[in-house]
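Please keep the sequence and the structure in view while reading.

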Amino acid sequence: MNDLWIIMKNELVVTTIIFLLLFIKIGKGLKNETLLPLIQFLLLANLLQGFFFNKEGLLFEGIFYSNTLIIVQKNILSLGVYLISLVCSDWLKKSPQLPEFFILMLSALLGMFFMISSGNLLMFYLSLELATIPVAAMANFDLHKKVSSEAAMKMILSSAFSSGILLFGISLLYGATGTLQFAEMSALLDGSPLQMLAFIFLFTAFAFKLSVVPFHLWTADVYEGSPVAVTAFLSVISKGAVAFILLTVLHKVFLPMMGIWYNLLMILSVITMITGNIFALRQQNIKRFLAFSSIAQVGFILVGMTNEGQLGISSVVYFILVYIFSNLAAFGVASAISSQTGKENIDDYKGMYRTNPFLSWILALALFSLAGIPPTAGFFGKLFLLTAGGAKGSFWYIGIAALNMIISLYYYLRVIRSVFMDKNDAPIEKISVGRSATLGLLLCGAGILAAGLFSWIFEYIRGILN
Amino acid sequence: MMEPGLYQILFISAALFFTGVYGFLTRRNLITMLMSVELILNSVNLNFIAFNKYLWPQKMDGLFFTLFVIAIAAAEAAVAIAIIINLYRSHNSIDVENAEDLKY
Amino acid sequence: MNLLYLIGLPVLTAAALLLARSKEQVRWISFAGSVAQLALALALYFAFRQERAAGNTAAMLFDQTWPLFKSLHINFHVGVDGISVAMILLTSFVVVSGVLVSLNIEKMTKEFYFLLILLSLGAYGFFISLDLFVLFFFLEIAVIPKYLLIGIWGSGKKEYSANKLALMLMGGSALVLVGLLGLYYASHGGTFDLMELSHLGIPADTQRILFPLLFVGFGVFTALFPLHTWVPDGHSSAPTAGSMFLAGISMKLGGYGCLRVAVFLLPVGAKEYANIIIVLSSIAILYGAFATMMQKDLKYINAYSSVSHVGFSLLGIGMLTHTALTGAVLQMVSHGLMTALFFAVIGMVYDRTHTRMVNDLGGLMKMMPFIGTIFFIVGLCSLGLPGLSGFVAEMTVFMGSWENADLFHRIATITACMSIVVTAVYILRAVGKVMMGPVTNPVYLTLKDANWNEKLAAVILLAGILAIGLAPFWLNDLVRPATETIAHQILQVTK
Amino acid sequence: MNGSTIIFYLLAALTIVCGVLSVSTRQIFRAAIYLIFSLIGIAGIYFWLDYQFIAAVQVVVYVGGIVVLIIFSIFLTQQAGELLPKQKIGRKIFSVLAVFCGFALTMVQVYQHAFYENDGEAVKPVVANIGKQMLSTKQGGYALPFEVVSILLLAALVGCIVIAISKKEETA
Amino acid sequence: MPSIATIALIPLLPFAGFVLLGIFGRTALKKPAGYLGTALMLASCILALYTAYGYFFDFGKIHGAYQKLVPFQMTWLEFSKDVSINIGFILDPLSAMMLVVVTFISLMVHIYSLSYMKGEERFGTYYAFLGLFTFSMLGLVLSSNIFQIYIFWELVGVSSFLLIGFYYDKPSAVAACKKAFIVTRFADLGFLIGILVLSYYGGTLDFGTLIARLTDPSSTQMQAAVNASFLGASALTWGAVLVFIGGAGKSAMFPLHIWLPDAMEGPTPVSALIHAATMVVAGVYLVARLFPVFAISVPGALHVVAYIGVVSAMIAAVIACTQTDIKRVLAYSTMSQIGFMMFALGVSGYGGEAGLGYSASLFHLFTHAMFKALLFLGAGSVIHFVHSNEMKDMGGLRKLMPVTHITFLIACLAIAGVPPFAGFFSKEEILLAASRGNTGIYYMALITSGLTAFYMFRLYFRIFWNKEAGHDAHHGKEGGFALLFPLVLLALCAAGAGFIPFGEYVSSDGTPLHSEFDPVFSIAPVALGVAGILLASWFYLRANDRADRVAASLKGLYTAAYNKFYIDELYLFITKKVLFNLVGRPAAWIDRNIVDGAVNLVGNETVAFSKLIKKLQSGKVQQYAIVFLGGVLVLAVLFIYIWH
């Protein structure tokens, strides 16, 4: 029973922080200027504790389990949340409900932690909802903006619909196997049509969360309407978490049905990459643009997931780490600009390099990483994903993926071109980036470079699996 | 007329499920869409209970699942309604087609 | 000789650039860095010769390996043979002169030099890496600096050109990537190591699939017809140093890749697709030359002529004989030096007259004898005059091509030979219009000849051209053993 | 055909018919009422299945909680007596088609599936058993999910408060 | 035997001049450029004479025959074990003779230019170019390797380009130098392919080995070369003909001669050096160098040489009769004389008496160099004096320029074949060889030699007689010592060179050939020559309209000849209309619109497609749900029923 405290340490810490914030809210209203650093400190503490005193183990008879890989995944998510609190600090400072915002965000994070650790469909479902419903509320945090509530509405309704289908799938699966435990279920899967139907119903919930085409349609609208911090959270943390659990589900639970999900992932990844890219081509709003780009990135993640071996898992986990750095850097820049000037259009960025070289370089670095250009880590990430995806020797498949990299490069370069090359008589004025936002952006930039060039990071992730 | 059993209940629940889906797809009022979602969730609950009763009675997995789904449905409905009301304030309407600023 | 210096030096230079405070500092740091590169490359050359003279006949010298991604069997494996050394020498020459001619850049000086140095880093890394993963890494590193150089400091429809260049090159590297992954899996053992892969004997069917991917992928970089269209636009829009790097270094990455990766590792594929390569490159040679004849912009002239000239090295590769392969490498080196010098001179002319239109220019020899002379010499090199590097390379290609005795190869060779006449036509047309004849614009009468930095840049490149042209044996001796290894691979397949 | 069967089919009919009416009527209050009846029908089925506790929860939470919440929100947002707007006919056709296909597909799969026949000893779904297991951390215990749900409810509460209540700060 | 350094210095001294003057000729060495260049040339000439003397009279002859000596050879570029470009020196009668000719004429031109080019802005550069040319030419004649010849061949071409285009601000000069380079380049293409063919079958690029292998019917190489055939001719024939095409280009043989008249745009001393005495005979030299292969293995190719030679000689002579620019007349005359040399080679056999044509050809080369250089330098002197190239601006200059007049007359007599001047002997031998080899060619040659006398004296009379000199001409002065000294020296040579027993030294197989003088045979050519002179004097000694009347009566022929038989126009048509408009323009167009267009199309279509499908993202959450549901169902059906 003593193990409980250690094995569930991450969750307990997050819960503690949630309650701490609750008390702060209920008690004296602290000003944002003092509160935000405090929260950032707490998040940093949360991140750091994840590196120490970890223990693998099962709790509650397998409902909850933890191992080194899961701890790494949780740390990646904690890192992401910490970075969000830094890079979006300009927006957060202005938010009138700062503690509530973080209560919700941490609840969602907690949900993700539980989700990654869940060993049971019930637990999985509950934590999925815990990771979703607060985010929907957060999407509405730009209370004075019409689009914000529209985004929240779209999100809550879509996810309700999606979880309805998920539940239906779970119920069928329950009927067909009689268990909700992952560990027991795997042996009971025989690939009968009903199970397949159930699996597809179940899978669509993951697909919905990950914004896999054709279940992606909510993504862009929600990203565009939500506050930047929420968009960042949605596009990075929640995607990462779902990708992690999907890895587990596919590679552990549904391994007997691999023949099916291999093809499924292959088809969906191709459609996803192409659709995401083609839509991203014509976007003007930077958040919407990043939404579609992240859809395309998900296509790549799926490519890596098709590999059922260790390479598949490690490349996906590694890519998500890289993706967190890259996407958060991009969102950080977008947040800094939109919170100070309200401009979110790519055309507004024209000539920005003259006035804001720092932001421009960070943005460039981020976009290059997203495009998979060396020496950024995105290059390595993409390459490992493709390496994993090509393991079955299907050249056309990685060929399509590689060609999609070109399309994506086209639109990433469009932004770069606006920032660096286009002339503009009235570029965005000099933006004073706050200290913590600068720190966040620098951390992201360093991460983008270091995660690739320091090969031991990938090796470490890979090493866990042995 | 057949003796009621698992398949009958599954039929009911599936029918209810797709009725809810139909409502979700066609209702333009956000609150009625929410009501459709409730139908969907209830059909799932029915499924769980039926499976628990007829196939796997040794444990109460289905029953508990149902309980938790009901709890979550409540939470989801609460947040959804809050969002809808907020939307109503800014749009003066809860017609889903009036909230389509975000597109393409 | 530690090959890591070649990577470390540009990195250090770039880091120093980041710390630089003024434009002057930036210029001197880059200049010093590039001179150091040159010195290093020369040191490498002599060390290499010494090692060979001492009887070391290993295929790759100075090779070193560090594990990079151990679980994927990816190592940081570097080493050089004669071809790499030649390419490294070429790169260092072009870098020094590129830095020199752009000393007058005022716009975003620091960024400009940073990108130049980054580009050189990519090139050095590419030429020394023996692990395909690392090779690919460096190949792609070199793309974005080109994009930015053209897009920011370019002229004309620069955004369009920059985009086109970046996308086509990335398209090429996407193909390369697929090919590399194919090799990785074809090798079962899962290795990216070039030398290991070369011993594996990849099944013929796999080679048939992979060869076109790799060859076309690298071919895009080196303007393989009909995927060359980024060349004219990219070159013409780029700033002077950008064009020099693009044509002098970047296009060589592709040729080197074709040879070192595609042909060396996939000899069966090379054998089977050789005729297609020959047809394409013959077309490129002649068609590029004819297209050049009609160009009015000096940069377009040189860009199209590059298409034609690079065709020679692809032709050499397609011919697959030892001599032809040697010729291909020589042509790469020669073309790199020559075309860089050509662009440098065009840049000098443009800086003064603010036009590159052949018809607007005239009689410049009178005001700028130095520039005129260099222009003329490089033109002569381009049309293959003995004593200059172009001749040596082209003749080697021709001789090598002629070793294939059947009619098809003969016709291709003769087609290629025919370009020496067409080349003469367009080069003399350009020289005649621009440098000779009456002065067309009285404004030109006040123009000044080259500055010291421009002169020095030109002289450095010219020295390279003459060193090869007058005494080709040193380069030939350097390259031949290396190409022999490749030719040997092909020969084995034939047996 | 015995009484139990008749009751079952009556309940089934009530559930489905009210469900269908709930999604098709153009008067929003009636829709809510039909929903209540449909939910009650489901509660009846639970009862019929001997799952009294669940039936009770269903009535209390749904009929007493969620639907009331819905009705309140209708009050808040709806101009009285207005008919609901009509949906475009194309959308309706598509929806019917999709829904019918989905239903058919599901039912075909369900009927074709040979469900595992289990005759192990059943656990009685009585309140005592449920309560014990709910808070147990042992085999089959649901203490952890319970906690998760409680956090979820807390978060939902916080979210609701922020979104729905903080009108004042917005105008300020 | 002289040391290697001695031989090496012969070409390297002019090269040193080129390098020094090329770099410093504008600045530090501008003033003394001429003296420096001349001094180096003088040294080179002395060394050449020393070497040639040594070769002919000391070490060259072994066992009664002159040997091919290769005192020095180094590998320059290795293609394979056997095939490599070697840079080396070959010493045989041919190269020794050429060394003398080249250095001597070049020295004369150097000296002449000291005065002629005085005051030029690019005086230093001029001497640099002269040095480069001389170096290239010497390198060419010393080549021991067929590829080495090609190398220097090209260098000769480019230095010719530089010298023709020396007045680069004159558009006509620019056009001329381009034309010269491109036309010869075109011919060089043939040469190059010829080299490829010969080296492929010969398995070597070395002259000695190559000739040995390709003249020995039992060698495997020879058999392979004879057996491989293409379009009905053996590979060896093709190789020989292609090589000859290269020679024909440089030597301005019909139809590749069009560059030569235009090349007169260069400074006149340059014309004397390049376009009269040295470069233009490179083609003859080339054929002579490979003569054993031609004569023994591919007589067919030798016939081609003969006919091309004689046709060129005749056409050029006809055209020369109508030109009014004195340098152009000389240019066509040069072409005609080289035609003589060519067909002399063409009718020759290998070895012994049969090789008479070979010796005659080279003898003519030798004498022609003297008198043609003299003619050009004389013409330069005249042009210097009247500042015009046109005959109409001249006349009656004999008293004003006595030295020029006399020397010019000697040269004219020599070229007209009047005994005892040099041209008589060499031409006599050629005609003799032709009469033995091919009577058709002999008669054509006979007529041509008559024409030669006619147009040369037409030129002579119109310059120095015809009418009285204009008034402004009286103020001019004939050039100084530097200008006249070469004239006198060359005139002496032109008068006396014919007495050299040339065949003793230079013959096809190295063994001395004793040529006997046959006065009977000489009657016909001499008579024809005298007739030509008389005819010319009848037309042109005094100003009259006889020539115009005759021209009018032969209108068609005259106009055609005056317009050089429209060959230039034909070339213009082929290049402008066919190459530029039908090949170049379409190629450029295709590249911009089709190849590049395809690339752009891909990009544009992607963007357009992106616009097209934007409706999918409609912003309607219910539509999203329909798509969602549709996706689920499609996937389910796909995986349950289709893709188990």
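**A hairpin in chain E**

In chain E, strand β3 (residues 69–78) and strand β4 (residues 84–91) run antiparallel and are joined by seven bridges; helices (H or I, at least four residues) and strands (E, at least two) are DSSP runs numbered from the N terminus, and two strands pair if DSSP finds at least two bridges between them. This is a predicted model, in which local features need pLDDT of at least 70 and side-chain atom pairs count only at pLDDT 80 or more, whereas totals for chains, interfaces and linings use all residues. Residues are numbered from 1 along each chain as its sequence is written, chains are lettered from A and ligands numbered from 1 in the order in which they are written, and side-chain values use heavy atoms, with hydrogens and water left out.

- β3(E) and β4(E) form a hairpin with five residues between them.
- Within this pairing, E:T75 stands opposite E:N86 of β4(E).

**Which chains touch**

- Among the eight pairs of chains in contact, chains B and D share the most contacts, where contact means heavy atoms within 4.5 Å.
- Chain B and chain C are joined by no contact, their closest C-alpha atoms lying 25 Å apart.
- Chain C and chain D are likewise without any contact, and their closest C-alpha atoms lie 38 Å apart.

**The interface of chains D and B**

- Here 84 residues of chain D are in contact with 70 residues of chain B.
- The area buried between chain D and chain B is about 7,100 Å², of which carbon and sulfur atoms give 75%; buried area is the accessible area (1.4 Å probe) that two parts lose on being put together, summed over both.
- Two salt bridges are found across this interface, each a side-chain nitrogen of Lys or Arg within 4 Å of a carboxyl oxygen of Asp or Glu.
- B:E97 forms a salt bridge with D:K88, and the closest N and O atoms are 3.8 Å apart.

**A buried serine in chain A**

- A:S163 is found in helix α8 (residues 146–177) of chain A.
- A:S163 counts as buried because its relative accessibility is 2%, buried meaning under 20% relative accessible area, exposed over 50% and partly exposed in between (1.4 Å probe, protein chains only).
- Not counting residues up to four places away in sequence, A:S163 touches A:Y125, A:E129 and B:E76.
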